[in-house]
Amino acid sequence: MSDASDYKTVAALSTDELEEKKSRFIASISPVDDEDQAIAFIASVKAQNRKARHNVYAYILREGSTCRYSDDGEPQGTGGVPVLETLKKAGLTDVCCVVTRYFGGVLLGTGGLARAYSSACRLAIDAAQIKVMCHCSRLDIACDYSFYGRLSQTLPSFGAKTIKEDFSDTVKVSVIVKSAVTPDFKAQLVDLSNGKIEIKETQNLFEDFA
């Protein structure tokens, strides 16, 4: 099961490439939620590059603290490991990178291959939008209309995101707030309302607060 720590990943599919001694190294990086998505992404990149000599990959998942990589026919340790280490150095997780190589006819040697795969992965990371996923709580709040103004003024100071509002007999507001400040946020609302507020923590989730 995934832990409650904040983490970094890429926002969407990103690609970049480099050329080294006539070989093209095309790096594709994508967010993935689980191993099935990672495998599907690798398969899709391979399908788009059927004429490529190699499709080296690595992925890191929060689920099960999973790390996988493949050299896909390159000398052992020259492809998958450099890509995996580059992802780790960037602090990314729930992410998969595939580096496709179109062979240019010139051998690069083990050191040259490792540098090329690592550099291509780094280029794709640099081209991607990085987002920080924060562990959050969803709070369903019910209060009198007389307190709604104070509530609205308090939300920004805790970085709370309003996701739903309902104005009927009472005001009902659903917000998402970072788990780290949830206790202080709840305590301040109770204090400001003299206890005349209802707060239910209904969900724990990850949200992009970048």
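Close-up 1. At 48% relative accessibility, Lys21 counts as partly exposed. This view, like the others here, comes from a predicted model. Lys21 sits in the loop that runs between β2 (14-20) and β3. Its phi is near 50°, a positive value in a residue other than glycine. For context, most residues other than glycine have a negative phi.

**Close-up 2. Asp94, another residue to look at for its phi.** Asp94 is not a glycine, yet its phi is positive, near 50°. Is Asp94 buried or exposed? Asp94 is buried, because its relative accessible area is 4%, and the cut-off for buried is under 20%.

**Close-up 3. The largest nonpolar core.** Welcome to a core of 25 residues. Those with the most contacts inside it are Phe25, Ile29, Val83, Leu87, Leu92, Cys97 and Val99. Two or more residues each come from β3 (23-31), β4 (54-61), α2 (80-89), β6 (95-102) and α3 (109-127). Which element gives the most to this core? That is α3, with seven residues. Apart from this core lies another, of 15 residues, and among them are Phe147, Val175, Phe185 and Leu189.

**Close-up 4. The surroundings of Phe25.** Leaving aside residues up to four places away in sequence, Phe25 touches Asp16, Glu17, Leu18 and Glu20, among others. Its contacts also include Val99, Thr100 and Arg101. Further partners of Phe25 are Leu108, Leu113, Ala116, Tyr117 and Ala120. Phe25 is also listed with the residues that have the most contacts inside the largest nonpolar core.

**Close-up 5. The packing of α2 against α3.** Two packed helices are described by the angle between their axes and the distance between the axes. For α2 and α3 the angle is about 35°, and the axes are 8 Å apart. The crossing of α2 past α3 is right-handed. On the α2 side, the residues that take part are Pro82, Val83, Thr86 and Leu87. In α3 they meet Ala114, Tyr117, Ser118, Cys121, Arg122 and Ile125.

**Close-up 6. Aromatic pairs, with Tyr7 and Phe206 at the centre of the view.** How many aromatic pairs are there? The count comes to six. Tyr7 is buried, with a relative accessible area of 12%. Tyr57 and Tyr59 form a stacked pair, 6.2 Å centre to centre with 15° between the planes, and both of these tyrosines are buried. Elsewhere, ring pairs join Tyr145, Tyr148 and Phe167 into a cluster. Look back at Phe206 for one more feature: Arg62 lies over the face of its ring, 4.5 Å from the ring centre.

**Close-up 7. Lys161 and Arg138.** Strand β8 (residues 161-167) is where to find Lys161. With a relative accessibility of 29%, Lys161 counts as partly exposed. Lys161 and Arg138 are 23 residues apart in sequence, and 9.4 Å separates them in space, C-alpha to C-alpha.

Conventions
Residues are numbered from 1 along each chain as its sequence is written. This is a predicted model: local features need pLDDT of at least 70, side-chain atom pairs count only at pLDDT 80 or more; totals for chains, interfaces and linings use all residues. Side-chain values use heavy atoms; hydrogens and water are left out. A nonpolar core is a set of buried Ala, Val, Leu, Ile, Met, Phe, Trp, Tyr and Cys residues joined through side-chain atoms within 4.5 Å. Buried means under 20% relative accessible area, exposed over 50%, partly exposed in between (1.4 Å probe, protein chains only). Helices (H or I, at least four residues) and strands (E, at least two) are DSSP runs, numbered from the N terminus. Contact means heavy atoms within 4.5 Å. Rings of Phe, Tyr and Trp (its six-membered ring) pair if their centres lie within 6.5 Å; planes under 30 degrees apart count as stacked, over 60 as edge-to-face and the rest as tilted. A charge sits over a ring if NZ of Lys or CZ of Arg is within 6 Å of the ring centre and within 35 degrees of the ring normal. Axes are lines fitted to C-alpha atoms, for helices over the stretch in contact, and angles run from 0 to 180 degrees between N-to-C directions. A crossing is left-handed if the near helix is turned anticlockwise from the far one by less than a right angle, and right-handed if clockwise.
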